[in-house]
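Please prepare a short briefing on the structure shown here.

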Amino acid sequence: MLELYDNQLSETLPVGLSNLVNLAEFDVSTNLLFGDLSDTIHEEFREFKYLRQFSIYTNKFTGELPAKIRSWAEFEYIDVSTNYLTGSIPPDMCKMGKMKKLLMIQNNFTGGLLENYASCTSLIRLRFEGQVGLNIGEAKSLAHLFLANNRFSGELPMEISNASSLVEIRLTSNLFSGEIPVTIGSLNKLSKLLLQDNKFSGAIPESLGSCVSLNEINLAGNSFSGQIPKSLGSLPL
């Protein structure tokens, strides 16, 4: 285990880390580190067969994540949020079936993500930048869907009701539009629905009253119309 998070460390990652062949956890989050990960990770981290947790969030790293990163180790947790990473997100980081948390917001990635990761049965927390794909319903183990504070657009697909483990949906401050799908009432474990500051419209569905665990709803700053559903009165708000 190597944990150096929450410091003022700067410069690039040193040459020689590849000697730590038994390393299981690597965390240098919240520092001032920089450098091109395209070269650093490929050369220094590919020998880490036992690496399970890789966290470098809130630094100044650039470059791309290697496409073959999933073949190096059976990752359980990756957080590369808040850097300057580019390119496409490697498609198979969950292929080993161990990934639980994948956090990749506030970078400059291109392309989507959910089309590749919705079927990852081990994934319980996902934060990314991209569109909500139609196969979101395949994410049976996903508990937290965070897409807040970006510029995502499009509609919330009806298939989201099939992601039956969802506890929280947080789409705050984006450009989502259309109606809340009536199928959302099938999410019995959902406790937080935060859709404020988007462009949603139409009626608030009565089916929300069927979300028996829902104790926090924020739909402010949208264009909803019609009546307030009576069914909301049955919720533990």
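The structure holds one cavity of 30 Å³ or more. A cavity here is a set of points, on a 1 Å grid over the protein atoms alone, where a 1.4 Å probe fits but cannot get out. This is a predicted model, in which local features need pLDDT of at least 70 and side-chain atom pairs count only at pLDDT 80 or more, while totals for chains, interfaces and linings use all residues. Residues are numbered from 1 along each chain as its sequence is written, and side-chain values use heavy atoms, with hydrogens and water left out.

**Cavity**

- The volume of the largest cavity is about 50 Å³, taken as the space filled by probe spheres set on the grid points, which are joined across faces, edges and corners.
- Its lining consists of Ile41, Phe45, Phe48, Leu51, Phe54, Ile69, Trp72, Ala73 and Phe75; lining residues have an atom within 4 Å of a point.
- Sorted by class, nine lining residues of the largest cavity are nonpolar, with no polar and no charged residues. Nonpolar covers Ala, Val, Leu, Ile, Met, Phe, Trp, Tyr, Cys and Pro; charged covers Asp, Glu, Lys and Arg; the others, Gly among them, count as polar.

**Strands around β4**

- Strand β4 (residues 32-36) has Leu33 and Gly35 on a covered face, and Leu32, Phe34 and Asp36 on an uncovered one.
- Strand β2 (residues 10-11) pairs with β4 in the parallel sense over two bridges; strands pair if DSSP finds at least two bridges between them.
- Within that pairing, Glu11 has Leu33 in β4 as its bridge partner.
- β4 also pairs with strand β6 (residues 60-63), in the parallel sense over three bridges, and Asp36 stands opposite Thr62 in β6.

**Strands around β16**

- Strand β14 (residues 175-178) runs parallel to strand β16 (residues 199-203), joined by two bridges, and Ser177 stands opposite Lys199 in β16.
- Three bridges join β16 to strand β18 (residues 223-225), again in parallel, with Phe224 in β18 as the bridge partner of Gly202.

**Whole protein**

- The protein has two helices and 18 strands, which are DSSP runs numbered from the N terminus (helices H or I, at least four residues; strands E, at least two).
- Of its 237 residues, 48% count as buried, meaning under 20% relative accessible area with a 1.4 Å probe and protein chains only.
- Among contacts (heavy atoms within 4.5 Å) between residues at least 6 apart in sequence, 50% join residues at least 24 apart.
- The accessible surface is about 11200 Å², and 48% of this belongs to carbon and sulfur atoms; areas come from the Shrake-Rupley method with a 1.4 Å probe.

Methods: On a 1 Å grid over the protein atoms alone, a cavity is a set of points where a 1.4 Å probe fits but cannot get out, and a pocket is an open set with protein on both sides within 12 Å along at least five of seven lines; lining residues have an atom within 4 Å of a point. Buried means under 20% relative accessible area, exposed over 50%, partly exposed in between (1.4 Å probe, protein chains only).
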